[in-house]
Amino acid sequence: MHQTSRLLVVALILFALVPIGGCSRGRVASNTVIVSGSTTILPIAEQSAEEFMKANPDTQVLVSGLGSSAGIEAVSAGTANIGTSSRDLKPEEGKLGLVDTPIAYDGIAVIVSPENPVNGLNKEQLQKIFSGEITNWSEVGGENRPIELVNRDEASGTREAFKKIVMGDLGFDPNAAVLPGTGQVRDVVARAAGAIGYISAGFVAPRFTDVTVKALKVDGVAPTEENIASSAYPIGRKLHFLTKGEPTGLTKKYVDYVLSDAVQQGVVVDAGFIPVAEGGK
Amino acid sequence: MSDNTQDSPRGTLQLVSRSTYVKEWLLKSLFFACAFMFVLAVALIFFFVGWKAWPIVTQYGLGKFVGGTTWSVSKNSFGILPLLVGSFVVTLGALLLGTPLAVGTAVFLSEVASPKVRAIVRPAVELLAGVPSVVYGFFGIILLRAIMAKLTGTLGFGAVTSWIVLAIMIVPTIAALSEDALRSIPEGIREASYAMGATQWQTIYKVVVPAAKIGIIDAIILGMGRAIGETMAVLMVVGNAPVFPKSVFAPLSTMTTQIVMDMPYAVGLHRTALFAMAAMLFIFSMLLVASVRLLSRLRD
């Protein structure tokens, strides 16, 4: 039930953070790492946290996904040890004293329903579709069917990255549905014939679901792992771990673990992302 | 607090024993403290929200806030008119859909149903009232939205979907309270109507329902309170687009859902705007409670 992750996470934070942050901050903090932010990075952070806790009993890594902006906000406010972000820091966030550790590369796939005959779009068409200028699939070589836009919320790093790479100065059409999680976008687009949305390429075909979506070629290039790693696919970005100052103690241990070959070649690849050493060539 | 009368409870207790009197006094103080804490909590919440919301008046302007038509964080524009309209549309539609159903249920339960049928239907309605709203939201997003998407060829988010989910949610509230109102009408009034030769149906719609009118309106207002404040279930089915919806099948957003969507990352003026929206919701619910009180005074 991925689409509920954000709601669950709100509840989890309320239940988990209150006793930890409120009652016994000093004592528990030494063996607890709180990781908060991007829903895109959630699978990497969660699975590596599980492995990490198995290897290091007595430690706790709490992972939540509320969106990249929420993660940046949390780590700079000190309510999280690591903020995860699927977008670069904005200029005004550069002053927060955050140290950036890239952990993987990722492409943003543009997805439609499998029923949709359109297989590819160019960047300009995408721009016009998401700004609300093109409103019918027939204008881009599809059936005569209204385009139903699915957007992410403004806390989303995927939205921010998509905006920066595809939209340029044009704004998103405000009439688009705004959904709070990657899984929800995927689920809604899969079941609506006229829908179009964008999600992390790692989420196009995850193993835990049987609903399918179709990833479009952008400028004629499919969002495959090779194409993203070689930067041939035009919509790519880095995934970040952000810490307030250089990571220390258990936080550093966890960050190093995520950067280790075991996680990079294991969890990161399995989740459909590109290991940090191979990307951006 | 006069203890010169012999039959006042306090006087009597004092005669019984000193320790009983102290115990009674302690309990009385405890209950007073409970009630007082409640009042204090409401007052504190109100002042906190008001205090956090105030900069919207000084830094942004109340007119631009309430009358503005663009809610966009990236443009630093916080006009809540589309959200106000959204809340209004969602609530009104749910009431129009739910009220006839709820009043019908209440009339059936109080006037028509045999005790046996009543013993089954009433607990079912009450059970419906106790279902957590997120469950309705789940039902809405998984089942209802998918059906709406198939039927209309849209995403399935929008006013109509939220009306159906909210109507189901508020029917138990309105039905249970309306039934209480109907049952509080003395049996003699019905008997008088039958004695005049009226049929059961004539008695219901000409005598009993008009007599219970104020109680039913009360119930509807409380249902409205629930609808306007409902967040989780609505969040999952409206589609969260902060615009005037182009149709009843197009995504829209309400004040409550926008607060939940934006709260995790809101800072500065944006956060202030969310608090100001919360303050508006607070004022709405105060108005609703006030109107309920006014109505019950009318009834008395």
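**Exercise 1. Decide whether helix α13 of chain B is enclosed or open.**

Step 1. A residue is buried if 20 or more other C-beta atoms lie within 10 Å of its own, exposed if 12 or fewer, and partly exposed in between; the C-beta atoms are placed from the backbone. Helices (H or I, at least four residues) and strands (E, at least two) are DSSP runs, numbered from the N terminus.

Step 2. Find the buried residues. In α13(B) they are B:Met255, B:Thr256, B:Thr257, B:Gln258, B:Met261 and B:Asp262.

Step 3. Conclude. Helix α13 of chain B spans residues 255-262, and six of its eight residues are buried, so the rest of the structure largely encloses it.

A note on the model: it is predicted, so local features need pLDDT of at least 70 and side-chain atom pairs count only at pLDDT 80 or more, while totals for chains, interfaces and linings use all residues. Residues are numbered from 1 along each chain as its sequence is written, and chains are lettered from A and ligands numbered from 1 in the order in which they are written.

**Exercise 2. Describe the surroundings of B:Met277.**

Step 1. B:Met277 sits in helix α14 (residues 268-299) of chain B.

Step 2. Count neighbours. B:Met277 has 26 other C-beta atoms within 10 Å, so it is buried.

Step 3. List contacts. Two residues are in contact if their C-beta atoms, placed from the backbone, lie within 7 Å. Leaving out residues up to four places away in sequence, B:Met277 touches B:Ile80, B:Met255, B:Gln258 and B:Ile259.

Step 4. Check one pair. B:Met277 and B:Ile259 are 18 residues apart along the chain, and their C-alpha atoms are separated by 7.7 Å.

**Exercise 3. Describe how α7 and α8 of chain B pack.**

Step 1. Two packed helices are described by the angle between their axes and the distance between the axes. Axes are lines fitted to C-alpha atoms, for helices over the stretch in contact, and angles run from 0 to 180 degrees between N-to-C directions.

Step 2. Read the values. Helix α7 (residues 133-152) and helix α8 (residues 159-183) of chain B pack at about 140°, with axes 10 Å apart.

Step 3. Name the residues that meet. From α7(B) come B:Ser133, B:Tyr136, B:Gly140, B:Leu144, B:Arg145 and B:Met148. From α8(B) come B:Val160, B:Thr161, B:Ile164, B:Val165, B:Ile168 and B:Met169.

Step 4. Sort by class. Ala, Val, Leu, Ile, Met, Phe, Trp, Tyr, Cys and Pro count as nonpolar, Asp, Glu, Lys and Arg as charged, and the others, Gly among them, as polar. The contact of α7(B) with α8(B) has eight nonpolar, three polar and one charged residues.

**Exercise 4. Find which residues touch the most other members of the largest nonpolar core.**

Step 1. Define the core. A nonpolar core is a set of buried Ala, Val, Leu, Ile, Met, Phe, Trp, Tyr and Cys residues joined through C-beta atoms within 7 Å.

Step 2. Name the residues. The largest core has 142 residues, and A:Val110, A:Val150, A:Val189 and B:Leu166 touch the most other members. The largest share, 17 residues, comes from α8(B).

Step 3. Look at one of them. Apart from neighbours within four places in sequence, A:Val110 contacts A:Leu121, A:Leu126, A:Ile196, A:Tyr198, A:Ala215, A:Leu216 and A:Val218.

Step 4. A:Val189 is one of the buried residues of α7(A). This helix covers residues 182-190 of chain A; nine of its nine residues are buried, so it is largely enclosed by the rest of the structure.

**Exercise 5. Classify A:Asp58 and A:Asp219 as buried, partly exposed or exposed.**

Step 1. Take A:Asp58, in the loop between α3 (42-55) and β2 (60-65) of chain A. It has 6 C-beta neighbours inside 10 Å, so it counts as exposed.

Step 2. Take A:Asp219, in the loop between β10 (217-218) and α8 of chain A. It has 15 C-beta neighbours inside 10 Å, so it counts as partly exposed.

Step 3. A:Asp219, not a glycine either, has a positive phi of about 50°.
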